[in-house]
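Please read these notes with the model open beside you. They take up charged pairs, then sheets, the core and the confidence scores.

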Amino acid sequence: MDRMIFVALACSVIANAQNPAGRQFKLTAESPKFWQLIAKDARLEKVAGGFGFTEGPVWNPRGFLYFSDSNNNKVLRVYPGGRVETVLEIGDPDGSTFDAQGRFVTTASILRAVIRLEADGKYQVLADRYNGKKFNTPNDIVLGPDGALYFTDPTLDLPKDQKQELPYQGVYRLGTDGSVRVLTTDLAQPNGLAFSPDGKRLYIDDTERKDIRVYDVGSEAELKNGRLFGKEEGDNGVPDGMRVDVEGNLFVTGPSGIWVWDAEGNHLGTISLPETAANLAWGNADYRTLYITASTSVYRLKTKTRGFEPGPSRK
């Protein structure tokens, strides 16, 4: 994700590590509906720690979580018991998903590309340009209801020795045929994104503006009627990764931790965390556990709801 934006936040995280009382796990409800999703006695568990900057979590039905360590240029997997293995070493990996065939796909800022991990452990570049110009730094990516991949392309991790070639920060659709289409360029720094369970809405964070926008999805995957869904203003976190549950509620990283919203844009409550959260994913066999990548660690939190994860690999 946006490590440049997180520089100041990282200092805060280090300070809080030395002063545990400064930042702690806490559940704060803004609506009684929050307790229908999270138990009042829910406990946060640390799965693994000691990383540079964790991002890009996605659960593999075989029983482990893929995630990225952007600072150490690695894609890793962690098992529920805490065992960690290196899967791939590549420059600044970020958001991840599975394609319609269940293959692992991630973004790589140094390559300025979307890549897919192959069975032999090597990677294939799926897309790195639009209209002959290099992407900025593909960030987060999701599988769409039509089997295509959708990703954001901010400039948050653009290498200092490289130039921006596209005159905007866009959101793209990567078709199964390899075609690339820009969907919108009206966000300042688009980041996390997620489809509603029925596929009729696409939610996208804007990290710079600290808000969430929502678009209606047309029959040809075009985005229409873009509008403000909610704002997440405050310190110690920005809108970044997001996931939805089967009821259409949004779980979005933000100030203090994770903000929970209903489908109408009402802020139901906040899951405060001991470290600044960058992203999250549903996991375990029943998809009722949130796995959270937060600065130097991976955490998990059992919920009362079930996460929505698209694609045949999630059935």
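1. The side chains of Asp216 and Arg227 form a salt bridge, with N and O 3.1 Å apart. The term stands for a side-chain nitrogen of Lys or Arg within 4 Å of a carboxyl oxygen of Asp or Glu. Asp216 belongs to strand β19 (residues 211-217) and Arg227 to strand β20 (residues 223-231), and the pair links distant parts of the chain, 11 residues apart. Strands here are DSSP runs (E, at least two residues), numbered from the N terminus. Asp216 is partly exposed at 24% relative accessibility, and Arg227 is partly exposed at 23%. Buried means under 20% relative accessible area, exposed over 50%, and partly exposed in between, with a 1.4 Å probe and protein chains only.

2. On the basis of the model: this is a prediction, in which local features need pLDDT of at least 70 and side-chain atom pairs count only at pLDDT 80 or more, while totals for chains, interfaces and linings use all residues. Residues are numbered from 1 along each chain as its sequence is written, and side-chain values use heavy atoms, with hydrogens and water left out.

3. The structure holds 11 salt bridges. One of them joins Glu45 to Arg300 at 3.2 Å, N to O. This pair links distant parts of the chain, 255 residues apart, with Glu45 in strand β2 (residues 44-49) and Arg300 in strand β27 (residues 297-302). Are the two partners buried or exposed? Glu45 is partly exposed, with a relative accessible area of 34%, whereas Arg300 is buried, at 16%.

4. Glu309 and Arg243 form a further salt bridge, the closest N and O atoms being 3.6 Å apart. Glu309 lies in the segment after β27 and Arg243 in strand β21 (residues 242-244), so the pair links distant parts of the chain, 66 residues apart. Glu309 is buried, with a relative accessible area of 16%, and Arg243 is buried too, with 9%. Salt bridges with shared partners also join Arg77, Arg83 and Glu85 into one network. Side chains of opposite charge can pair when their charged atoms come close.

5. Five strands make an open sheet in the order β1-β24-β23-β22-β21, with antiparallel pairing. Pairing requires that DSSP finds at least two bridges between two strands. At the edges are β1 (26-29) and β21, each of which pairs on one side only. Neighbouring strands of this sheet are turned by 20° against each other on average, direction ignored. The axes behind such angles are lines fitted to C-alpha atoms, and angles run from 0 to 180 degrees between N-to-C directions. Within the sheet, β1 and strand β24 (residues 267-272) run antiparallel and are joined by four bridges; Thr28 stands opposite Thr270 in β24.

6. A four-stranded open sheet has the order β2-β27-β26-β25, again with antiparallel pairing. Its edge strands are β2 and β25 (277-283), each pairing on one side only. From one strand to the next the twist averages 25°. Six bridges hold the antiparallel pairing of β26 with β27, and Ile292 stands opposite Tyr299 in β27.

7. The largest nonpolar core has 31 residues, and Ile38, Phe251, Ile271 and Ile292 have the most contacts inside it. Such a core is a set of buried Ala, Val, Leu, Ile, Met, Phe, Trp, Tyr and Cys residues joined through side-chain atoms within 4.5 Å. Strand β26 (residues 289-294) supplies the largest share of this core, four residues. Leaving out residues up to four places away in sequence, Ile38 touches Leu27, Phe251, Ile271, Leu301, Thr303 and Lys304; contact means heavy atoms within 4.5 Å.

8. Strands β15 (residues 170-174) and β16 (residues 180-184) run antiparallel and are joined by four bridges. Val171 stands opposite Thr184 in β16. The two strands form a hairpin with five residues between them, and Gly178 in the turn has a positive phi of about 90°.

9. Last, confidence: the protein chain averages a pLDDT of 92, and 92% of the residues score at least 70. The score is the predictor's confidence in each residue, from 0 to 100. Over residues 4-21 the pLDDT is below 50, and this stretch has 23 contacts in the model beyond near neighbours in sequence.
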